[in-house]
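Dear colleague,

My notes on it follow directly after.

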Amino acid sequence: MIYEIWNIHDFDADAYDAMYAAASPERKARADRFKFPDDRMRCLCAESLARHMLARVSGVSAEQITFTYGERGKPLASLPFAFNLSHSGDFVLCAVCDKDVGVDIEQIKPFRAGLITRWCSQDEADYIRGDHQILEGTVEDPEVCARFYRVWTAKEAYAKMTGKGISTDLTQICYAPKRGTVCDMPLTQITAPEGYVACILESDL
């Protein structure tokens, strides 16, 4: 398994035009729907990064790689490799693997305390809260926020690895922070840019 993280601000207008020209029709249409430049850049960087990495592991030129989509919208490449993408804020993350893989990157920012009781198990909630017995309203403590997004990215990586995506009931995906597993599968917490958390989950099949 390999992964890379790109900063969308490393690319100028000429790079954007080149990525747009090389993008699949579906990706171009998606980029065209965004109003703001950063959203369009994230969209195009995601596919460009996937092409770059898949070409590197397969020896096939980036231009020859085509994409299809699974039943629930998970992108698939025309190669014997799996890949997965995630983006948040200024960054895009991609992992390529010889088996199913899910990734997630999230910017650490304030969140609503009600999300803990809505989406988390008791063990996950205890981990997130730490020494804070009660959390209400908007949570801004940076350490608590970081723990929340570690749990969130673990659940998202599992949902994306299985191909179920946002249709998955996140309460049924259990992250064990002490063991570093999600649904009993080893989770890889990767080094993310400052202010972000990111993880990768490889299928054990």
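Strand β11 (residues 185–190) and strand β12 (residues 196–202) run antiparallel and are joined by four bridges. Within this pairing, Leu-187 has Leu-201 of β12 as its bridge partner. Strands pair here if DSSP finds at least two bridges between them; helices (H or I, at least four residues) and strands (E, at least two) are DSSP runs, numbered from the N terminus.

The model is a predicted one: local features need pLDDT of at least 70, side-chain atom pairs count only at pLDDT 80 or more, and totals for chains, interfaces and linings use all residues. Residues are numbered from 1 along each chain as its sequence is written, and side-chain values use heavy atoms, with hydrogens and water left out.

The five-stranded sheet

β11 and β12 belong to an open sheet of five strands, ordered β6-β12-β11-β10-β9, in which the pairing is antiparallel. At its edges stand β6 (101–107) and β9 (175–176); each has a single partner strand, so one side of each is left without a neighbour in the sheet. Helix α6 (residues 142–162) lies across β6, β9, β10 (181–182), β11 and β12 and runs at about 150 degrees to β6. Axes are lines fitted to C-alpha atoms, for helices over the stretch in contact, and angles run from 0 to 180 degrees between N-to-C directions.

Ser-203 is located in the segment after β12. This residue, Ser-203, is buried, with a relative accessible area of 8%; buried means under 20% relative accessible area, exposed over 50%, and partly exposed in between (1.4 Å probe, protein chains only). Leaving aside neighbours within four places in sequence, Ser-203 is in contact (heavy atoms within 4.5 Å) with Lys-99, Asp-100, Met-161 and Met-185. Ser-203 and Met-185 are 18 residues apart along the chain, and their C-alpha atoms are separated by 7.9 Å.

In helix α5 (residues 122–129), the buried residues are Glu-124, Ala-125, Ile-128 and Arg-129. They cover an arc of only 125 degrees around the axis, which puts them on the same side of α5; the arc is that of the directions from the helix axis to the C-beta atoms. The exposed residues Gln-122 and Asp-123 are carried on the face of α5 turned away from its buried side. The cover over the buried residues of α5 includes β7 (111–112), α4 (114–119), α6 and β9.

The axes of α5 and α6 cross at roughly 150 degrees and come within 7 Å. On the α5 side, Glu-124, Tyr-127, Ile-128 and Arg-129 meet Val-144, Arg-147, Phe-148, Arg-150, Val-151 and Lys-155 in α6. This contact of α5 with α6 has five nonpolar, no polar and five charged residues. Ala, Val, Leu, Ile, Met, Phe, Trp, Tyr, Cys and Pro count as nonpolar, Asp, Glu, Lys and Arg as charged, and the others, Gly among them, as polar.

The three-stranded sheet

A further open sheet has three strands in the order β1-β5-β4, with antiparallel pairing. β1 and β4 are its edge strands, each pairing on one side only. Neighbouring strands of this sheet are turned by 15 degrees against each other on average, direction ignored.

Strand β1 (residues 2–7) pairs with β5 over six bridges, and Tyr-3 has Ala-95 of β5 as its bridge partner. Strand β4 (residues 82–88) pairs with β5 over seven bridges; Ala-82 stands opposite Cys-97, and Ser-86 is partnered by Leu-93. The hairpin of β4 and β5 has two residues between the strands, and in this hairpin Gly-89 takes a positive phi near 60 degrees.

Seven of the seven residues of β5 (residues 91–97) are buried, so this strand is largely enclosed by the rest of the structure. Phe-91, Leu-93, Ala-95 and Cys-97 point one way from β5, while Val-92, Cys-94 and Val-96 point the other way.

Helix α3 and its contact with α1

α3 lies across β1, β4 and β5 and runs at about 145 degrees to β1. Helix α1 (residues 13–22) packs against helix α3 (residues 37–58) at an angle of about 65 degrees, their axes 9 Å apart. The contact is made by Tyr-16, Met-19, Tyr-20 and Ala-22 of α1 with Arg-40, Met-41, Leu-44, Cys-45, Glu-47, Ser-48 and Arg-51 of α3. By class, these residues of α1 and α3 divide into seven nonpolar, one polar and three charged.

With kind regards
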